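Reader: I am new to this structure. Could you please take me through it?
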Amino acid sequence: MEKKRDTGGKRLIVVSSVTYALKSRDLLFQRGIKAYIERLPRTRESGCGYGVYVPQRTDEAERILRDAGVKVFYRAERGEKK
């Protein structure tokens, strides 16, 4: 079975809380996907937020998180302002 190659794109998965960020990181590591928590800059619209940076297999990671009941807000590039 051939694996699809992750060609880049939005690699920061923005979640609703630090609790979900921690849960997400641990869940992805258990499945062999590297993931790192990042605090997002405070904005007027969204306040503080947290993201999970997933350098590879980002589409798969997002699917795993959604299936596990993690509330995913959106995906962004690192450093991108929303």
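Author: A term to begin with: a residue is buried under 20% relative accessible area, exposed over 50%, and partly exposed in between (1.4 Å probe, protein chains only). Arginine 57, at 29%, is partly exposed. This is a predicted model in which local features need pLDDT of at least 70 and side-chain atom pairs count only at pLDDT 80 or more, while totals for chains, interfaces and linings use all residues. Residues are numbered from 1 along each chain as its sequence is written, and side-chain values use heavy atoms, without hydrogens and water.

Reader: Which residue meets arginine 57 in a salt bridge?
Author: Glutamate 60 does, at 2.9 Å from N to O. A salt bridge places a side-chain nitrogen of Lys or Arg within 4 Å of a carboxyl oxygen of Asp or Glu. Glutamate 60 is partly exposed as well, at 28%.

Reader: How many salt bridges are found in the whole structure?
Author: Five. One of them joins glutamate 62 to arginine 75, with the closest N and O atoms 2.8 Å apart. The pair links distant parts of the chain, helix α2 and strand β4, 13 residues apart. Helices (H or I, at least four residues) and strands (E, at least two) are DSSP runs, numbered from the N terminus.

Reader: Is glutamate 62 buried or exposed?
Author: Glutamate 62 is buried, and arginine 75 is also buried. Shared partners join Asp59, Glu62, Arg66 and Arg75 into one salt-bridge network.

Reader: Changing topic, what pattern does the protein chain follow?
Author: Along the sequence the pattern is β-α-β-β-α-β, with two helices and four strands.
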